[in-house]
Amino acid sequence: MVYTLPPPNTILYKYYNYASALRFLREGLVRFSPLASFNDPFELNAYPGSNITQEALGNAVKTAIIDVIDKRESLQVANRISQYVMAYQQGMYQHYSPAEFAELLGEQVAAMQPVSAPPQAARTLHAEYARRIGAFCLTEKFDNLLMWAHYADQYKGMVIGFDPHKLGGEFACFAPVNYRDAFPSIEDVNEAADSYLGRPHAVPDSLDAFMLENVFVKGHDWRDEKEWRAVRFHECEPRADHETYDISKQLIQVPNEAVVSIHLGCRVTDDQRSMVCDLAYLFNSATEVYKSRVSHTRFELEFIPAIARWPSLPYDDHWEIINT
């Protein structure tokens with residue numbers, strides 16, 4: 001997994017309801033929410049699969065076993081076939097030649113029924129990681145109408161813009177989400193055979209790294225959100241009921257200079273707007289604040305600086321600065 005930041009001068013956005021946004025502006029803390037608390041049941045449940053037939057896998061396993069025996073590799077996956085190979089390397093089953101032994105085990109793999117669902121142990125492990133891994137989610141878009149409705153309290157909240165290059169070291173594991181229709185899949189038969197046997201070069205450096213890579217995969221239906229994520233492991237596992245989490249260890253301080261803009265929803269009141277402007281100035285005086293209204297001509301929001309006056313006529317796109 002390669003972690004990356006967007007190009008310089010890119011702003012990424014977070015949708016907030018009004019109360020949560022005020023709390024952030026007062027405290028400067030963002031939450032790396034456990035994946036188990038997210039509304040998408042597929043979070044960390046995209047188990048890698050394959051379209052390779054059992055017969056093809058069996059043939060590839062035969063070749064791989066001969067290579068493993070020849071190189072005297074140690075294997076890192078404890079399945080039945082790998083255990084037989086390791087036993088052979090320790091001096092057992094020597095009445096078979098390496099080719100005969102590989103042929104026998106390859107035929108067993110080819111005769112196995114394809115796995116139609118992940119085993120219970122895998123599901124339990126993924127659920128545990130979904131409680132331990134937290135994510136801070138941002139988006140490239142501040143004007144997505146669905147996101148305003150779902151994440152910003154039906155346009156009564158706001159969108160805060162962050163400069164990702166100023167967020168700091170706590171946000172090091174940072175990357176865009178990869179959207180796809182199918183779960184991640186291994187299609188190279190030799191790669192699948194090496195992974196099945198647990199050959200060292202085919203096993204992730206760590207289980208943590210493998211799980212983190214899957215955090216950045218979501219279903220294609222979410223693609224319009226254009227999401228980026230920063231992720232981190234929580235020091236201790238939260239309780240199973242995410243509604244009763246003690247979130248103190250999930251909160252991270254954001255540098256004041258990382259906040260560069262605030263876009264207010266069209267249902268934010270004048271008094272609320274004044275409050276946000278005051279807090280934004282105290283948090284970072286360079287933060288640009290915008291107010292919005294429903295367009296008279298298109299399905300979109302119109303934004304102008306919070307200190308500007310809306311045009312008096314519906315189709316007049318002129319506005320002027322006031323109170324400066």
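A: In this predicted model, helix α3, residues 80-89, packs against α4 at an angle of about 170 degrees, and the two axes lie 11 Å apart. Angles over 145 degrees count as roughly antiparallel, and α3 and α4 are therefore roughly antiparallel to each other. On the α3 side the contact involves R80, I81, Y84, V85 and Y88, which meet P98, F101, L105, Q108 and V109 of α4. Sorted by class, this contact of α3 with α4 comprises eight nonpolar residues, one polar and one charged.

Helix α4, residues 98-111, also packs with helix α2, residues 54-71. Here the angle is about 150 degrees and the axes are 8 Å apart. The helices α2 and α4 are therefore roughly antiparallel to each other as well, and α2 passes α4 in a right-handed crossing. From α2, the residues in contact are Q54, E55, L57, G58, V61, K62, I65, I66 and I69. From α4, they are P98, A99, F101, A102, E103, L105, G106, E107, V109 and A110. The classes in this contact of α2 with α4 are twelve nonpolar, three polar and four charged residues.

The remaining pairing to describe is that of α2 with α3. These two helices pack at an angle of about 35 degrees, with 10 Å between their axes. As with α4, α2 passes α3 in a right-handed crossing. I65, V68 and I69 of α2 meet I81, V85, Y88 and Q89 of α3. By class, the residues of this contact of α2 with α3 are six nonpolar, one polar and no charged.

- α3 with α4: about 170 degrees, axes 11 Å apart.
- α2 with α4: about 150 degrees, axes 8 Å apart.
- α2 with α3: about 35 degrees, axes 10 Å apart.

Note on methods. Residues numbered from 1 in each chain as written. Predicted model: local features only at pLDDT ≥ 70, side-chain atom pairs only at ≥ 80, totals over all residues. Heavy atoms only, no water. Axes fitted to C-alpha atoms, helices over the stretch in contact; angles between N-to-C directions. Helix = DSSP H or I, 4+ residues; strand = E, 2+ residues; numbered from the N terminus. Parallel < 35°, antiparallel > 145°, perpendicular 65-115°, else oblique. Left-handed = near helix turned anticlockwise from the far one by under 90°. Contact = heavy atoms within 4.5 Å. Nonpolar A, V, L, I, M, F, W, Y, C, P; charged D, E, K, R; others polar.
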